[in-house]
Amino acid sequence: QVQLLESGGGLVQAGGSLRLSCAASGLTFSDYVMGWFRQAPGKERDFVAAITRSGYTTYYRDSVQGRFTISRDNAKNTVYLQMNRLTPEDTAVYYCAANRDLATLDNGSWGRGSQVTVSS
């Protein structure tokens, strides 16, 4: 059974940085595309970033391009999301996701989420 455990969320002032981590177990990590989604209060869950199995290719939603960086360490079964120049609009619960294909990433396994709050 795939398990994903996020960590690293918290409260930060606008302009600050946070790094989220997602530790995966119960899977052959290098066989999975990994990603991050977020859900703000009263809104749907949205795609944030994804990274291919090798880590060679990454994808971002437009609003975080240039501020967020997704990376992975296949030796540690962990995916990261470095978030810089945070704004209050980035406030949300951030979820780690895993699936074998990018196209179905939002239909795979999920973590329980990590709250990120950005104060103005």
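How many helices and how many strands does the chain have? And which residues make the most contacts inside the largest nonpolar core?

Analyst: A word on the model and its numbering comes before the answer. This is a predicted model, where local features need pLDDT of at least 70, side-chain atom pairs count only at pLDDT 80 or more, and totals for chains, interfaces and linings use all residues. Residues are numbered from 1 along each chain as its sequence is written, and side-chain values use heavy atoms, with hydrogens and water left out.

The chain has zero helices and 11 strands. Both are DSSP runs numbered from the N terminus: helices are H or I with at least four residues, strands are E with at least two. Along the sequence the pattern reads β-β-β-β-β-β-β-β-β-β-β.

Next, the overall form. The C-alpha trace spans about 40 × 25 × 25 Å along its principal axes. Of the 120 residues, 42% count as buried. Buried means under 20% relative accessible area, exposed means over 50%, and partly exposed lies in between (1.4 Å probe, protein chains only). Contacts here mean heavy atoms within 4.5 Å. Among contacts with a separation of 6 or more, 56% join residues 24 or more positions apart.

Now the core itself. In soluble globular proteins, nonpolar side chains tend to be buried together. A nonpolar core is a set of buried Ala, Val, Leu, Ile, Met, Phe, Trp, Tyr and Cys residues joined through side-chain atoms within 4.5 Å. The largest one here has 28 residues. Those with the most contacts inside it are M34, W36, V79, L81, M83 and Y94. Seven elements are listed as giving two or more residues to this core: β3 (18–25), β4 (33–39), β5 (45–51), β7 (68–73), β8 (78–83), β9 (92–99) and β11 (114–119).

Take Y94 as a way in. Leaving out residues up to four places away in sequence, Y94 touches E6, L20, W36, F37, R38, V48, F68, L81, M83, G113, S114 and V116. A second core stands separate, with five residues that include V33, F37, A97 and L105.

Strand β3 also holds A23. At 38% relative accessibility, A23 is partly exposed. Beyond its neighbours within four places in sequence, A23 is in contact with Q3, L4, L5, N77 and T78. A23 and N99 are 76 residues apart in sequence, and their C-alpha atoms are 14 Å apart.

N77 lies in the loop between β7 and β8. Its phi is positive, about 55 degrees, although N77 is not a glycine. N77 is partly exposed because its relative accessibility is 24%. R85 lies in the loop between β8 and β9. Phi of R85 is also positive, near 50 degrees, and R85 is not a glycine. R85 counts as partly exposed, at 48%.

G55 sits in the loop between β5 and β6 (58–60). With 28% relative accessible area, G55 is partly exposed.
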